[in-house]
Amino acid sequence: MNGREESKWNDLFFVCSLIEYVGRKTKNERKVVVNALGRKGLKHYYELAEVYHCENIDKVASELAAKYHIPQGTYDNVAAATDNVPTHWDIGKVMQRLVREVAERSDGDIIDALIRVYNSWIIPKIDNYNSSMYYENTSYQYASYQAGKAL
């Protein structure tokens, strides 16, 4: 894998981690964040991920929530967890791998794959830290995603 290839997956990892962070901070389902950003906003953060990752993520998240008018919600999957809660970076990695798999097996468009995945049925399953879906391997998550149900 060349440097640019690796960089684009690192950039996707940052964007997925940022989506998770904003979702937790604003207590919104992650699709609310994704849909508020839209394709244009997601592309912006993806293309400038190298710059944004050097800044304080709390600052970036606050600015993003204000700019895209993301309201305070009531969704709190972290509080609902009864065991260890994965960090926003942990979930960012899980989501990066799944979005990557979807992008590589479809038309290759990372932003479109990201939007499709975050708006799919599997996200509430991954967000449920009392279940095993978030730590299952990517192949299982992808097969389940494609099947439309946990296998």
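Start by selecting Tyr-129: its relative accessibility is 4%, so it counts as buried. Keep in mind as you click around that this is a predicted model.

Show both rings: Tyr-129 and Tyr-134 make an edge-to-face aromatic pair, with 5.3 Å between centres and 75° between planes.

Step along to Tyr-135. Its ring pairs edge-to-face with that of Tyr-134, at 5.2 Å centre to centre and with the planes 90° apart. Is Tyr-135 buried or exposed? With a relative accessible area of 56%, Tyr-135 is exposed. The count of aromatic pairs comes to 6.

For another group of rings, select Tyr-45, Tyr-52 and Tyr-68, which form one aromatic cluster.

Next stop, Phe-13 and Lys-93. Look at the ring of Phe-13 and you'll find the charged end of Lys-93 sitting over it, 4.6 Å from the ring centre.

Last, switch to cartoon and pick out helix α2 (residues 30-47) and helix α7 (residues 110-118). Their axes come within 10 Å and cross at roughly 175°, so α2 is roughly antiparallel to α7. Which residues make the contact? On the α2 side, select Arg-30, Lys-31, Val-34, Arg-39, Leu-42, Lys-43 and Tyr-46. On the α7 side, select Ile-110, Ile-111, Asp-112, Leu-114, Ile-115 and Tyr-118. Colour this contact by residue type and you get 8 nonpolar and 5 charged residues, with no polar ones.

Terms used:
Residues numbered from 1 in each chain as written. Predicted model: local features only at pLDDT ≥ 70, side-chain atom pairs only at ≥ 80, totals over all residues. Heavy atoms only, no water. Phe/Tyr/Trp six-rings, centres within 6.5 Å; stacked < 30°, edge-to-face > 60°. Buried < 20%, exposed > 50% of the residue type's maximum accessible area, 1.4 Å probe, protein only. Lys NZ or Arg CZ within 6 Å of the ring centre and 35° of its normal. Axes fitted to C-alpha atoms, helices over the stretch in contact; angles between N-to-C directions. Helix = DSSP H or I, 4+ residues; strand = E, 2+ residues; numbered from the N terminus. Parallel < 35°, antiparallel > 145°, perpendicular 65-115°, else oblique. Contact = heavy atoms within 4.5 Å. Nonpolar A, V, L, I, M, F, W, Y, C, P; charged D, E, K, R; others polar.
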